[in-house]
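Here's a quick tour for anyone meeting this structure for the first time. Have a look at it before reading on.

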Amino acid sequence: MVEDNLRKIYGELPPGVKLVAVSKFHPSSMILSAYQAGQRCFGENRPQEFAAKAIELPDDIEWHFIGHLQTNKLKLVLPYASLVESVDSLHLLEAIEKWGSLNDRVTSILLELHLGAEETKGGFTEDEITAILERASGTSAANSYPHIRFCGLMGMATNTVDEARVEADFMRIREFKERLDGTFPELKDFRELSIGMSNDWKIAVRHGATIVRIGTAIFGPREYR
């Protein structure tokens, strides 16, 4: 099943768009099935589960952390994450910088933009992201975050069956990303736009997604634990 699902998605995914197979709540055996089918990038959202799988599974897997990350869980995530997609607060950003300074590591991240209608969703406003990038740009001496690599934006559309609303959400984040690119051309790593999940990734691709996060369409319903 996993192999067939991946084959179908690979056949529809445009070149240059990275597929993150969202494996949260699924056992390592299912991740290995996807791995044997050629998938190398996986996403998890619970620190303990993330660390256990990263230690157990093949070393060449590219792990993305995609959930809310508490600052007291950094040691479970940052040693293994190729990309933390879900940096959603200044408090977390500063904790990652401090961890990097203490451990002599640079962490690659995406800044999460709050763009859906749900108030329960986390993330930064557009003004907050702009202010952060102002502090990260310029000369190395003026960079407030020397142990963080800002790689782009992450966002989720409003949870709705209204395709026009989803289109509008993705258009907004794409346009904001384009404005940031024009304002901060010196941030050469700021290339990624992680939008789109199992039910809306095709719309996301039309609006410039470079990363899509697909779980249910690959692994089936989650096994909540």
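This is a predicted model: local features need pLDDT of at least 70, side-chain atom pairs count only at pLDDT 80 or more; totals for chains, interfaces and linings use all residues.

Residues are numbered from 1 along each chain as its sequence is written, and side-chain values use heavy atoms, leaving out hydrogens and water.

Let's start with helix α6, residues 126-136, where Glu 126, Ile 129, Ile 132, Leu 133 and Ala 136 are buried (under 20% relative accessible area, 1.4 Å probe, protein chains only). These residues sit on the same side of α6 because they cover an arc of only 125 degrees around the axis. Over on the other side, Asp 127 and Glu 134 are exposed (over 50%). The buried residues of α6 pack against α5 (90-103), β5 (107-112), β6 (148-154) and α7 (163-183), with contact meaning heavy atoms within 4.5 Å.

Now for the pockets (open sets of points on a 1 Å grid where a 1.4 Å probe fits, with protein on both sides within 12 Å along at least five of seven lines; lining residues have an atom within 4 Å of a point).

| Pocket | Volume | Lining |
|---|---|---|
| Largest | about 650 Å³ | 9 nonpolar, 12 polar, 9 charged residues |

Of the 30 residues lining the largest pocket, Met 156, Ala 157, Met 197, Asn 199 and Arg 213 lie nearest its centre. As for the second largest pocket, its lining includes Ala 136, Tyr 145 and Glu 186, and β6 gives the largest share of that lining, 3 residues.

Note on methods:
Helices (H or I, at least four residues) and strands (E, at least two) are DSSP runs, numbered from the N terminus. The arc is that of the directions from the helix axis to the C-beta atoms. Grid points are joined across faces, edges and corners, and a volume is the space filled by probe spheres set on the points. Ala, Val, Leu, Ile, Met, Phe, Trp, Tyr, Cys and Pro count as nonpolar, Asp, Glu, Lys and Arg as charged, and the others, Gly among them, as polar.
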